[in-house]
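The entries follow in the order I made them.

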Amino acid sequence: MEYLPDRNSRYKDVDYWDERYKTEHSFEWFGDFSKFQHLLQQHVMKDDAILVLGCGNSSMSSDMYDAGYRSITNIDYSSVCIDTMSARHDATCPGMTWHQMDARQLSFTDASYDVVLEKGTLDAMLVEEKDPWKVSSETACLIDQVLREISRVLKPGGRFLSVTFAQPHFRKRLYARHDYGWSVCTRSYGDGFQYFLYVLTKGKELSPEDATLERRLLEEAQDPPNEVRTQEADTEAFLDCIDL
C-alpha cells in the first residue's frame with residue numbers, strides 16, 4: 001500500500017502522519033461509521049458532548065454529524081490533519097470543531113464531555129509491543145497518561161468508547177483499573193474478522209471479574225513470572241489492509 005511505513009514504529013511518529021495526510025484523502029480503520037453505528041447509538045445520545053480522540057482523516061465525525069450528533073470536538077496531534085479536516089468540513093458541519101492536541105495533555109477542563117470516542121488511536125500507540133500479554137513499561141505509562149486524561153474530561157456517567165481489533169483478554173488488562181473510575185463492557189461487530197467496541201462508563205464499578213483481573217495483574221507486577229511469550233516484531237505492517 002502507498003502509505004505503509006517502512007517500520008511499524010513510525011505509526012507513533014507525528015512526522016509520518018503529517019506526510020501521509022498531505023496526500024491521503026481518507027482512510028478508515030476497522031470499517032466506517034455504518035459498521036458500528038448500531039452499537040454506538042445505544043451508548044451515545046444525539047445531544048451528548050462528544051470528543052473524538054485521534055480523529056485522523058476518517059469520515060466518522062462527519063458521518064456522525066450527518067446522523068444527528070452535532071456537538072463533536074475533534075483532536076489529533078497532526079497539525080496537517082487538523083488543518084485539512086477543518087477546511088474540508090467547516091462549511092458542511094457548522095459547530096463541529098478541530099484542534100491540534102496531544103492526548104496525554106488535553107486542554108479541556110474536568111468533566112467536559114459526555115462521550116470520548118477513539119477508533120484505532122490507542123492501537124497506534126501500541127505498535128511496538130512484542131508481547132500482547134505484557135506491555136512494556138514505557139508504553140504502559142503512555143497509555144495510562146491518555147486514559148487518565150480521558151477519565152478526567154468525562155462527566156459523571158460519561159462513556160469512553162474505544163474501537164479496536166484487540167480482544168478482551170488483551171485490552172482489558174489496560175482498561176480494567178479502579179484508578180480510572182469506570183466499568184468495562186465489551187461489544188463486537190464484523191463478519192468473519194471481529195472488531196471490538198469497549199464501553200467504559202465513568203462512575204460505575206468494575207465487575208467482580210475485572211476487579212479480580214486487576215488484582216492478579218498487580219500481584220504479577222510485584223512477582224513477575226519467568227515465562228515470556230513473544231511474537232515476531234515488525235514482520236507485518238501494523239493493521240495492514242484491516243478494513244470491512
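Are Tyr-175 and Tyr-198 buried or exposed? I looked up both, and both are buried. I note at the start that this is a predicted model.

**Entry: the tyrosine pair.** I checked the ring geometry of Tyr-175 and Tyr-198 next. The two form an aromatic pair, with 5.6 Å from centre to centre. Their planes stand at 80 degrees, and I logged the pair as edge-to-face. I then placed each residue: Tyr-175 lies in helix α7 and Tyr-198 in strand β7 (residues 195-202), so the pair ties together parts that are 23 residues apart in sequence.

**Entry: aromatic pairs overall.** I counted 14 aromatic pairs. One of them I took further. The ring centres of Phe-30 and Phe-165 are 6.0 Å apart. Which parts does the pair join? Phe-30 is in the loop between α1 and α2 (33-40), and Phe-165 is in the loop between β5 (154-164) and α7 (168-175). The pair therefore ties together parts that are 135 residues apart in sequence.

**Entry: burial of that pair.** I looked up Phe-30 and found a relative accessible area of 0%, so I wrote it down as buried. Phe-165 has 28% relative accessibility and counts as partly exposed.

**Entry: the cluster.** Which residues form one aromatic cluster? I listed Phe-30, Phe-33, Phe-36, Phe-165, Tyr-189, Phe-193 and Tyr-195.

**Entry: charges over rings.** I found the charged end of Arg-20 over the ring of Phe-27, at 5.3 Å from its centre. I also found Arg-70 over the face of Tyr-65, 4.4 Å from the ring centre.

**Entry: helix α1.** Arg-20 took me to helix α1 (residues 14-23). I noted its buried residues as Tyr-16, Trp-17, Asp-18, Arg-20 and Tyr-21. What covers them? The cover includes β2 (72-76) and α4 (79-89).

**Entry: Ser-61.** I ended on a residue of helix α3 (residues 60-66), Ser-61. Its relative accessible area is 3%, so I recorded Ser-61 as buried. Leaving aside neighbours within four places in sequence, I listed what Ser-61 contacts: Val-52, Ile-72, Asn-74, Met-96 and Trp-98.

Methods:
Residues numbered from 1 in each chain as written. Predicted model: local features only at pLDDT ≥ 70, side-chain atom pairs only at ≥ 80, totals over all residues. Heavy atoms only, no water. Buried < 20%, exposed > 50% of the residue type's maximum accessible area, 1.4 Å probe, protein only. Helix = DSSP H or I, 4+ residues; strand = E, 2+ residues; numbered from the N terminus. Contact = heavy atoms within 4.5 Å. Phe/Tyr/Trp six-rings, centres within 6.5 Å; stacked < 30°, edge-to-face > 60°. Lys NZ or Arg CZ within 6 Å of the ring centre and 35° of its normal.
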